[in-house]
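Open the model in your viewer and keep the selection tool ready. This tour goes from one selection to the next and says what is there.

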Amino acid sequence: MKTAADTVTPPPVVVGPPEAVPPAGRRSGSPWRRRLAEQGRAYAFLAGGLLCFALFSWYPAIRAVVIAFQKYTPGSDPEWVGTDNFTRVFDDPEFGAAWRNTFTFTALALLIGFAVPFVMALVLNELRHARAFFRVVVYLPVMIPPVVSALLWKWFYDPGAGLANEALRFAHLPTSNWSNGADTALISLVIVATWANMGGTVLIYLAALQGIPGELYEAAELDGANLLQRIRHVTIPQTRFIVLMLMLLQIIATMQIFTEPFVITGGGPENSTVTVLYLIYKYAFLYNDFGGACALSVMLLVLLSAFSAVYLRLTRSEGED
């Protein structure tokens with residue numbers, strides 16, 4: 001007896017030549033082609049950024065190294081002079097003062113601008129209320145444009161009607177010349193730079209402190225350690241890498257100080273606040289000596305490259321660990 005299934009006619013089988021199989025290594029969907037396509041798209045997205053870096057960072061840096069060995073004046077053909085630019089810069093009386101002021105500023109910035117953010121981060125870490133509010137207050141100076149901040153402090157330091165001396169008079173304390181005195185100008189600029197830039201450092205320290213396991217503090221308290229002992233034996237060892245990295249970055253940044261001397265003191269009084277970067281500005285735009293300016297830039301580049309190499313070495317070692 002036939003069923004309905006027996007009456008179903010199967011579909012015809014079409015017999016034809018076998019499909020050609022592309023040889024190995026030439027498939028359109030091979031892994032290396034897919035990787036090449038993905039990397040091509042990635043480099044296409046990066047092309048804009050790389051072009052900007054090439055035009056506005058790498059090319060000017062290479063061009064500055066070349067001009068350091070030339071007698072260059074805009075509108076005239078450059079002339080190769082070898083190391084004459086470096087010799088002339090060395091003989092400049094402001095050269096020694098600029099480097100001395102830069103190193104002094106960096107040392108003072110480490111003493112003041114490095115310890116204060118760490119202490120503020122410790123205080124913020126211990127707060128139980130309004131922590132977010134104080135984070136905003138601490139970070140607020142970073143959001144103020146540097147020139148605006150420098151102009152505010154210039155008015156603040158005014159020896160006549162400035163707010164700093166008014167506060168000292170109110171407290172019946174002797175007033176100061178602040179940025180107008182040769183002995184106090186540099187430390188006044190250190191205070192300005194510390195106030196303007198410590199917000200980001202405080203937040204980095206605060207993030208590092210909050211990453212310390214609480215069990216370490218509990219164990220230290222059980223052993224009878226007081227606050228200072230907990231900071232010494234727990235906090236500092238746990239944050240030593242962050243502290244060292246920020247120290248190197250601060251050295252690199254403070255050695256490029258320019259805005260505060262330019263806006264507040266103009267390099268004075270008596271060249272007490274002339275820094276290397278400010279001297280580069282004077283050579284280029286006041287003396288119209290681009291060869292000397294580039295020679296100074298190369299010297300500063302070599303020094304900062306050494307600190308950058310140390311920074312990269314330490315970060316690489318920490319990553320390998």
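**First stop: a salt bridge**

Select glutamate 94 and lysine 282: the two form a salt bridge, with their closest N and O atoms 2.7 Å apart. A salt bridge here is a side-chain nitrogen of Lys or Arg within 4 Å of a carboxyl oxygen of Asp or Glu. This pair links distant parts of the chain, since glutamate 94 is in helix H3 and lysine 282 in helix H12, 188 residues apart. Helices (H or I, at least four residues) and strands (E, at least two) are DSSP runs, numbered from the N terminus. Glutamate 94 is buried, with a relative accessible area of 12%, and lysine 282 is buried at 12% relative accessibility. Buried means under 20% relative accessible area, exposed over 50%, and partly exposed in between (1.4 Å probe, protein chains only).

Some notes on the model come next. It is a predicted model, in which local features need pLDDT of at least 70, side-chain atom pairs count only at pLDDT 80 or more, and totals for chains, interfaces and linings use all residues. Residues are numbered from 1 along each chain as its sequence is written, and side-chain values use heavy atoms, with hydrogens and water left out.

**The other salt bridges**

How many salt bridges does the structure hold? There are 3. Select aspartate 289 and arginine 88, whose closest N and O atoms are 2.5 Å apart in their salt bridge. Aspartate 289 sits in the loop between helix H12 (276-286) and helix H13 (290-320), while arginine 88 is in helix H2 (residues 84-90), so this pair ties together parts 201 residues apart in sequence. Aspartate 289 is buried at 17% relative accessibility, whereas arginine 88 is partly exposed at 36%.

Now select glutamate 166 and arginine 169, which form a salt bridge with the closest N and O atoms 3.0 Å apart. Both lie in helix H7 (residues 163-170), 3 residues apart, or about one turn of the helix. Glutamate 166 is partly exposed at 37% relative accessible area, and arginine 169 is partly exposed at 35%.

**A buried serine**

Select serine 149, which lies in helix H6. Why does serine 149 count as buried? Because its relative accessibility is 2%. Apart from neighbours within four places in sequence, serine 149 is in contact (heavy atoms within 4.5 Å) with Ile144, Trp195 and Ala196.

**The pockets**

Select Ala193, Ala196, Asn197, Ala253 and Thr254: of the 29 residues lining the largest pocket, these lie nearest its centre. On a 1 Å grid over the protein atoms alone, a pocket is an open set of points where a 1.4 Å probe fits, with protein on both sides within 12 Å along at least five of seven lines; lining residues have an atom within 4 Å of a point. The volume of the largest pocket is about 550 Å³. Helix H8 gives the most to this lining, with 10 residues.

For the second largest pocket, select its lining, including Leu122, Glu126, Arg128, Tyr217 and Arg230. Its volume is about 270 Å³. Helix H4 (115-126), helix H9 (214-222) and H10 each supply at least two of the lining residues.

**The whole protein**

Finally, select everything. The protein has 13 helices and 2 strands, and buried residues make up 33% of its 321 residues.

Notes:
Grid points are joined across faces, edges and corners, and a volume is the space filled by probe spheres set on the points.
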